[in-house]
Amino acid sequence: MNTTVTEANSRPVRLAPLDLLGLGLLGIRTRKMRAALSALGISIGIATMIVVTGIPASSQKALLNELSAMGTNMLQAQPVPNPNSPVLLPPESVDMVRRIGPVTMASAVANTHATVHRSDRVDPSDYAGLTILASEVNLLPAINAEVRSGRFLNAATERFPTAVLGSVAATRLGFAKLNDRGPAPQIYINDRWFTVIGILARTPLSPDIDRSVLVGWDAARAQLKFDGHPTVIYIKARESAMEAVRGVLPATVYPQLPGMVQISRPSDALAAKRATQTTFSALFLGLAGVALLVGGIGVANTMVISVLERRREIGLRRALGANRGQIRGQFLTESVVLSALGGVAGTVLGVLATVGYATYQHWPPVVPLTSVAEGFGGAVLVGMIAGVYPSIRAARLTPTEALASA
């Protein structure tokens with residue numbers, strides 16, 4: 001009774017945060033094995049949460065990259081075929097397309113109606129079945145194409161009689177690859193020599209380019225009497241706005257006769273990509289939550305047993321003047337620190353497992369920062385919840401009860 005009255009009349013002494021942390025670590029240091037096993041339950045839950053979100057995210061990223069390579073953000077605009085009265089797109093149509101907000105890139109090619117031969121010794125009537133296209137210098141990124149040998153047209157070479165061959169065109173003209181050491185080969189286009197500076201790899205997204213010989217836009221004007229009207233415009237746009245861009249393209253490309261412009265439909269891979277992006281691993285997250293819950297129960301069980309085993313310590317501290325708030329803070333801090341240590345270990349383990357598995361599968365490693373933050377925050381929250389009851393139970397023990405039952 002006297003102890004209770006004295007406690008009520010005295011002002012509670014607040015422990016400094018470092019002192020409170022030291023008390024919380026005391027139980028962990030004295031019972032290392034039990035603390036390690038309890039933290040293991042939390043770490044498994046956190047690692048599971050990171051792994052089951054990181055590995056699907058890495059797999060999804062790899063899949064999205066493959067789908068993007070299939071042209072999910074690409075469109076093509078070209079005139080409606082009309083043999084009787086061919087439609088000519090305005091020369092400024094490409095620049096007009098570039099002004100559309102969601103458009104990230106626009107390039108074009110144009111049929112010059114020229115003919116090409118391996119040399120001037122070839123019979124002019126021997127048609128190779130190849131198309132001579134005037135090309136803008138940014139064509140390759142616009143169609144996801146790559147150079148197999150040599151280099152592509154640039155701001156300097158597009159003004160001169162230089163040419164880049166598609167993969168099929170190179171085979172038909174007898175070029176396997178370009179020799180960097182020797183003189184560059186030449187081809188004969190409309191009675192003019194053009195120097196071959198590059199050969200493209202196969203372009204599955206634009207097979208017409210494989211059967212074409214590409215020359216610079218300015219060189220085509222100067223050497224081949226090109227009139228400047230594009231034949232095909234290649235557009236890249238933000239995937240979220242593909243339908244909107246497709247809707248305004250005809251009027252943008254040819255304002256006078258928008259009905260004479262046909263626009264390719266978005267790739268079927270875009271629908272697959274959107275479906276993949278909306279898929280969420282609810283089952284895996286549920287399993288991670290269960291693992292985290294089991295770890296929290298383990299921490300709570302450890303703290304309850306710790307209170308029972310440390311009654312003598314509690315009674316002695318109470319007899320020396322520790323109030324209930326200090327006892328409650330000690331055991332709550334110990335529970336939070338225990339869970340935090342398990343959270344750190346689980347985060348490191350989960351990140352390493354995710355990166356290792358993604359690297360083994362040749363996927364781009366993706367560790368969602370939200371999962372890491374939520375995992376560690378969840379561990380601390382679990383520690384707080386798990387430590388509430390044991391800390392309250394320890395604080396309710398009077399010195400006489402604690403010492404008598406020890």
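## The Asp208–Arg211 pair

In this predicted model, Asp208 and Arg211 form a salt bridge, with 2.9 Å between the closest N and O atoms. Asp208 is exposed, its relative accessible area being 52%. The cut-off for that label is over 50%. Arg211 has 34% relative accessibility and therefore counts as partly exposed.

## A network around Arg98

The structure holds three salt bridges. Salt bridges with shared partners join Asp95, Arg98 and Glu136 into one network. Side chains of opposite charge can pair when their charged atoms come close.

Arg98 is partly exposed at 34% relative accessibility, and Asp95 is partly exposed at 41%.

Arg98 also meets the side chain of Glu136 in a salt bridge, at 2.7 Å from N to O. Which parts of the chain does this pair tie together? Arg98 lies in helix α4, while Glu136 sits in the loop between β4 (131–135) and α5 (139–143), so the pair links parts that are 38 residues apart in sequence. Glu136 has a relative accessibility of 16% and counts as buried, because the limit for buried is under 20%.

## Nonpolar cores

The largest nonpolar core contains 45 residues. The residues with the most contacts inside this core are Leu165, Ile187, Ile189, Val213 and Leu249. In soluble globular proteins, nonpolar side chains tend to be buried together.

Ile187 shows what such a position looks like in terms of partners. Neighbours within four places in sequence aside, Ile187 is in contact with residues including Val116, Ala163, Leu165, Leu173, Phe175, Trp193, Phe194, Val196 and Val213. Its contacts also include His117, Arg118 and Arg192. Two of these partners, Leu165 and Val213, are themselves named among the residues with the most contacts inside the largest core.

A second, separate core has 17 residues, among them Leu139, Leu153, Val232 and Tyr234.

## Gly54 in helix α3

Is Gly54 buried or exposed? Gly54 is buried, with a relative accessibility of 0%. Gly54 is part of helix α3, which runs over residues 32–68.

Apart from residues up to four places away in sequence, Gly54 touches Thr354, Val366 and Pro368. The C-alpha atoms of Gly54 and Val355 are separated by 8.3 Å, although these two residues are 301 residues apart along the chain.

## The chain as a whole

The chain has 15 helices and 11 strands. Of its 406 residues, 43% are buried. Among contacts with a separation of 6 or more, 81% are between residues 24 or more positions apart.

The accessible surface of the chain comes to about 21200 Å². Carbon and sulfur atoms account for 60% of that surface.

How values were computed:
Residues are numbered from 1 along each chain as its sequence is written. This is a predicted model: local features need pLDDT of at least 70, side-chain atom pairs count only at pLDDT 80 or more; totals for chains, interfaces and linings use all residues. Side-chain values use heavy atoms; hydrogens and water are left out. Helices (H or I, at least four residues) and strands (E, at least two) are DSSP runs, numbered from the N terminus. Buried means under 20% relative accessible area, exposed over 50%, partly exposed in between (1.4 Å probe, protein chains only). Contact means heavy atoms within 4.5 Å. Accessible areas come from the Shrake-Rupley method with a 1.4 Å probe; for residues, only the protein chains shown count as cover. A nonpolar core is a set of buried Ala, Val, Leu, Ile, Met, Phe, Trp, Tyr and Cys residues joined through side-chain atoms within 4.5 Å. A salt bridge is a side-chain nitrogen of Lys or Arg within 4 Å of a carboxyl oxygen of Asp or Glu.
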